[in-house]
Structures are given as C-alpha cells and as structure tokens.
Amino acid sequence: MTIEYAIQIDNLTKRFGNFLAVNNVSLNVQKGEIFGLLGPNGAGKTTILRMLTTLLNPSSGTIQIFGHDVQKQSRQVRGLFGLTGQYAAVDEDISARENLMIFSRLNGLTKAQAKKRTTALLQEFSLLASADKAIADFSGGMRRRLDLAVSLISQPPLIFLDEPTTGLDPRTRTKMWTTIRQLVAQGSTIVLTTQYLEEADELADRIAVIDHGQLVQVGTPAALKATVGGVTLQTQLQNSALVSTAVAVISQTLQSTATASKNIITAKLTNPNQVTAVLNHLNDHHIPIANIAVKEPSMDDVFFALTSGKH
C-alpha cells in the first residue's frame with residue numbers, strides 16, 4: 001500500500017546570520033495523521049512551523065505540501081492549510097459571529113456562504129450561545145475554540161496547531177482534544193506543537209523530537225518510549241530497615257539489578273508475570289510491602305532522555 005504524504009521535508013536548514021536555527025531536517029507527515037513536534041524552548045520548532053506555513057524562507061532544503069513546493073507555489077500552498085497560533089488572532093472588540101463573518105468574506109465566500117459557514121462553525125465549536133458577545137468577555141477556552149474555528153473557515157485539508165491548549169484548564173483542554181480528533185476523523189491532517197508532553201502522547205500518531213535545530217528521533221509514542229527503557233517495577237516497603245534484603249531478593253528474582261531510594265525499590269521488568277514471583281519471594285522473606293506498581297516510560301522520560309536540556 002502506497003503511503004500518501006501531506007508534508008515532505010528534505011534537508012531543511014535555516015540560518016539567521018551565524019546562528020543555525022534548523023539543521024538539515026528531513027521528515028514526512030502522512031495524510032490523515034496527527035503529527036507532533038516536541039522539543040525544548042528554542043529547539044527550532046517554531047522556525048520549522050514558520051517555514052512550513054510560508055512565513056519564512058528556508059536557507060536550503062525543500063518542503064512540499066500535498067505535492068506543491070512551498071517556495072515555488074506559495075500561493076497554492078496557502079490555500080491548503082489553516083494555522084492556529086499560540087495567541088488568538090481575532091478582534092476582541094466585536095463578537096464571535098462578526099469575527100467569523102469577516103474572516104469568511106476575506107476567504108472569498110459570498111455573504112450567504114459566509115453566513116452559512118459562520119453558523120456551522122459556531123455550532124461545531126459550541127459557541128452559538130455566546131455568538132453575539134464581545135470576544136473580550138470570552139474565557140480562554142472559548143477564545144481558543146474561536147481561533148481554531150477561524151482557521152477552519154476554508155475547510156483546509158492540513159491544519160497547523162501551535163500550542164493550541166496553552167493556558168487552558170484541564171477540562172477545556174480535554175474538550176479541545178476531542179475537537180482535534182473529530183477534525184482528523186473528518187479527513188484533516190494535523191501538525192501539532194505543544195509544551196504538554198501528555199498532550200502529545202494522547203493525541204499524536206507520530207512524534208518528531210527536535211533539539212538544537214536537529215531531528216533527534218521520530219516515531220510513534222510507544223516506539224519513542226521503548227527507546228528510553230522498558231517497563232519497571234516499583235516496590236515500596238513498609239519497613240525501611242529491610243531495604244537491603246529486599247533489593248537482593250528482587251534482583252535475584254528478576255535477574256536484573258534493583259536500586260533503592262529510601263524505601264522504594266526499582267527494577268526492570270521483562271514480563272508482567274514476574275510480579276507474582278516478586279510478591280511470593282518477598283513474602284517468603286517476611287518483607288511486608290506498602291505498595292507495588294508497574295510503571296511504563298512516559299513522554300517526560302522520552303523528552304529528558306532525547307533532549308540535552310542545554311537551553
């Protein structure tokens with residue numbers, strides 16, 4: 001089966017004077033996926049996003065969006081994507097309905113088409129009840145939903161979301177996640193940058209980790225987690241005086257070196273069925289436990305393992 005690409009990036013480089021912001025990055029984004037860009041502040045994510053959205057010219061390398069060269073066919077390319085930035089681009093002095101009408105007309109819709117599209121977007125993003133209120137009275141979540149609605153007026157096949165849930169409370173963030181998944185279900189491709197590692201893990205089909213302008217790793221969240229270590233077993237003892245004995249028991253049972261921090265012992269786990277053996281052997285040695293947990297690597301572990309932190 002042939003893979004269709006929404007974005008193809010080859011040897012992308014960007015210099016600002018002597019500063020190398022993006023260093024020879026190559027990657028592809030498949031049609032219909034949520035693709036995450038992760039990296040520390042200053043890693044080059046925003047620079048890459050600006051080049052993808054025709055706001056910045058590369059120093060070298062090429063970008064194709066649905067087969068169109070971003071530099072040579074920038075006009076056509078701009079009609080293929082929507083962009084939602086970190087800060088709302090709407091006019092706060094007028095209502096949500098008026099904002100959507102204005103942006104619809106700017107996108108070339110007739111007055112009748114603009115009215116129909118505005119109503120549809122207000123309904124889709126649960127803004128009908130507040131459609132005629134000034135944006136200044138909107139909550140952060142409502143503003144972000146409106147900004148996303150604006151970027152979808154032309155129903156683009158590709159959507160760039162630059163930290164779309166920054167500053168939102170957990171409940172509103174979860175609602176935005178649902179909206180993003182619905183967009184993909186309707187056929188959109190999404191490129192997502194986020195500071196929330198949980199968000200990337202929850203939403204992205206694949207993730208590219210960028211650090212110091214270079215592509216460090218790309219893969220599914222599960223594949224990235226696998227690169228930083230397997231599953232671990234964490235055993236908390238009731239009696240800290242028994243830690244050294246428990247470390248020896250667990251190391252022998254799992255055939256891997258266990259380590260202790262206060263009364264919590266950590267060891268690599270190759271098979272979940274080993275947990276029963278650990279419990280039985282600890283019981284045989286009369287070592288009572290307070291808690292036991294099987295812990296998989298998180299995106300936090302991936303982030304710290306794959307980025308240097310020298311920013």
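Here is a short chat about strands, cores and pockets in a predicted model.

Trainee: What are the ground rules for this model?
Mentor: Residues are numbered from 1 along each chain as its sequence is written, and side-chain values use heavy atoms, with hydrogens and water left out. The model is predicted, so totals for chains, interfaces and linings use all residues, while side-chain atom pairs count only at pLDDT 80 or more and local features need pLDDT of at least 70.

Trainee: Which residue in β4 stands opposite Asp 10?
Mentor: Strands here are DSSP runs of E, at least two residues, and helices are runs of H or I, at least four, numbered from the N terminus. Two strands pair if DSSP finds at least two bridges between them. β1 (residues 5-16) and β4 (residues 60-65) are antiparallel, with 5 bridges. Opposite Asp 10 sits Thr 62.

Trainee: Which residue in the turn between β4 and β5 has a positive phi?
Mentor: β4 and β5 (residues 68-69) run antiparallel with 2 bridges, and Gln 64 has Asp 69 as its bridge partner. The hairpin leaves 2 residues between the strands. The one with a phi of about 50° is Phe 66.

Trainee: How many residues does the largest nonpolar core have?
Mentor: A nonpolar core is a set of buried (under 20% relative accessible area, 1.4 Å probe, protein chains only) Ala, Val, Leu, Ile, Met, Phe, Trp, Tyr and Cys residues joined through side-chain atoms within 4.5 Å. Leu 100, Leu 146 and Ile 190 have the most contacts (heavy atoms within 4.5 Å) inside the largest core. Elements supplying at least two residues each include α3 (96-106), α5 (140-151) and β8 (189-193). The core's count is 29 residues.

Trainee: Which element gives the largest share of the largest pocket's lining?
Mentor: A pocket is an open set of points on a 1 Å grid over the protein atoms alone, where a 1.4 Å probe fits, with protein on both sides within 12 Å along at least five of seven lines; lining residues have an atom within 4 Å of a point. Of its 20 lining residues, Phe 81, Gly 82, Leu 83, Asn 107 and Ser 151 lie nearest the centre. α3, α5 and β6 (81-84) each supply at least two, and the largest share, 4 residues, comes from β6.

Trainee: How many charged residues line the second largest pocket?
Mentor: Asp, Glu, Lys and Arg count as charged. The lining includes Lys 268, Lys 295, Glu 296 and Asp 301. Alongside 2 nonpolar and 3 polar residues, the charged count is 4.

Key. Buried < 20%, exposed > 50% of the residue type's maximum accessible area, 1.4 Å probe, protein only.
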